[in-house]
Amino acid sequence: IKSYYGLEEIGPPQKMTERIDRTIRELDPGLAWTLPYILHLLSLKVDDEALLQAEGCRLKAEGRKESVFSSPLQSNGLQSNSLPWGEMEPKLLKLKAHEALRTLVLRKSQAGPLVWVAEDLHWIDASSEEFLGSLVEAMAGSAFLLLLTYRPGYSPPWTNKSYSMQMALNRLSPNETAGIAESLIGAQILSEDLKNFILGRAEGNPFFVEELTRSLIEAGAIA
């Protein structure tokens with residue numbers, strides 16, 4: 001999310017909020033209701049007034065008069081009953097945050113082909129996996145490519161989808177392994193001892209090659 005909104009070099013929370021708000025409105029003013037939930041995902045301050053204003057934008061865009069914050073969400077068995085932001089049930093807040101991010105992603109794909117990359121899915125937390133699952137459910141027919149990487153042993157719950165495809169990466173050859181390590185180290189040629197060490201430990205697994213090489217650099221074993 002930070003990468004998409006260009007927040008890496010913007011420090012003050014107010015500046016980050018302004019950047020996100022502007023980007024959302026440029027994409028679609030009718031999606032201004034998503035702002036509080038995106039701020040929540042980034043651990044930025046959200047107040048009750050912002051939430052009510054956002055919900056008003058949502059109702060106007062959808063042509064409705066009844067708010068989810070003035071009636072129960074029957075489909076999920078959750079009660080909102082006009083609770084202020086700080087008292088909203090965690091499960092309801094999570095659902096709304098997921099809906100907001102999912103809506104923005106799919107709307108962005110309508111403006112042009114979109115590619116999302118998520119690495120190391122074998123370390124994913126339950127909430128993020130739940131979000132990705134809901135995104136996969138909703139993305140059929142959209143100009144959106146979701147590229148995910150993970151190690152053997154992890155099985156995404158959406159692999160049975162007709163638009164889902166799995167590609168197994170073959171083990172790297174010794175020369176390919178050395179090439180990746182050299183690109184990370186910045187050296188033209190690895191020493192024979194270092195090359196053999198990485199080859200023996202990584203066993204041709206591209207994920208292990210990167211992790212092992214980076215750990216050697218961080219430990220100072222490679223100058």
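Tyr5 sits in the segment before α1. Helices here are DSSP runs of H or I with at least four residues, strands are E runs of at least two, and both are numbered from the N terminus. Tyr5 is buried, with a relative accessible area of 4%. Buried means under 20% relative accessible area, exposed means over 50%, and partly exposed lies in between, with a 1.4 Å probe and protein chains only.

What does Tyr5 touch, leaving aside its neighbours within four places in sequence? Its contacts are Arg19, Ile20, Thr23, Ile24, Ile38 and Leu104. A contact means heavy atoms within 4.5 Å. Ile20 is 15 residues from Tyr5 in sequence, and their C-alpha atoms are 6.1 Å apart in space.

## About the model

This is a predicted model, in which local features need pLDDT of at least 70 and side-chain atom pairs count only at pLDDT 80 or more, while totals for chains, interfaces and linings use all residues. Residues are numbered from 1 along each chain as its sequence is written, and side-chain values use heavy atoms, with hydrogens and water left out.

## The chain as a whole

The chain has 8 helices and 2 strands. Along the sequence they follow the order α-α-α-α-β-α-β-α-α-α. There are 223 residues, and 36% of them count as buried.

Take the contacts between residues at least 6 apart in sequence: 56% of them join residues at least 24 apart. The chain exposes about 13,600 Å². Carbon and sulfur atoms supply 52% of that area. Accessible areas come from the Shrake-Rupley method with a 1.4 Å probe, and for residues only the protein chains shown count as cover.

## Salt bridges

How many salt bridges does the structure hold? It holds 6. A salt bridge is a side-chain nitrogen of Lys or Arg within 4 Å of a carboxyl oxygen of Asp or Glu. One of them joins the side chains of Arg25 and Asp21, at 2.9 Å from N to O. These two residues lie 4 apart in helix α1 (residues 13-27), so about one helical turn separates them. Arg25 is partly exposed, at 40% relative accessibility. Asp21 is also partly exposed, at 22%.

Glu130 and Lys94 form another salt bridge, at 2.9 Å from N to O. Glu130 is partly exposed, at 37% relative accessibility. Lys94 is partly exposed too, at 27%.

Glu137 bridges to Lys161, with the closest N and O atoms 2.8 Å apart. Again the pair links distant parts of the chain, 24 residues apart: Glu137 is in helix α5, and Lys161 is in the loop between β2 (144-148) and α6 (174-185). Glu137 counts as exposed, at 51% relative accessibility. Lys161 counts as partly exposed, at 21%.

## Two helices that cross

Two packed helices are described by the angle between their axes and the distance between the axes. The axes of α6 and helix α8 (residues 206-218) come within 10 Å and cross at roughly 35°. Axes are lines fitted to C-alpha atoms, for helices over the stretch in contact, and angles run from 0 to 180 degrees between N-to-C directions. The crossing of α6 and α8 is right-handed.

Which residues make the contact? From α6 come Thr177, Ile180, Ala181, Leu184 and Ile185. From α8 come Val209, Glu210, Thr213, Arg214 and Ile217. By class, this contact has 6 nonpolar, 2 polar and 2 charged residues. Ala, Val, Leu, Ile, Met, Phe, Trp, Tyr, Cys and Pro count as nonpolar, Asp, Glu, Lys and Arg as charged, and the others, Gly among them, as polar.

## Two positive phi angles

Most residues other than glycine have a negative phi. Ser43 is not a glycine, yet its phi is positive, about 60°. Ser43 lies in the loop between α2 (35-41) and α3 (48-62). Ser43 is exposed, with a relative accessible area of 69%.

Glu203 is not a glycine either, and its phi is positive at about 55°. Glu203 is in the loop between α7 (192-202) and α8. Is Glu203 buried or exposed? Glu203 is exposed, with a relative accessible area of 51%.

Notes. A crossing is left-handed if the near helix is turned anticlockwise from the far one by less than a right angle, and right-handed if clockwise.
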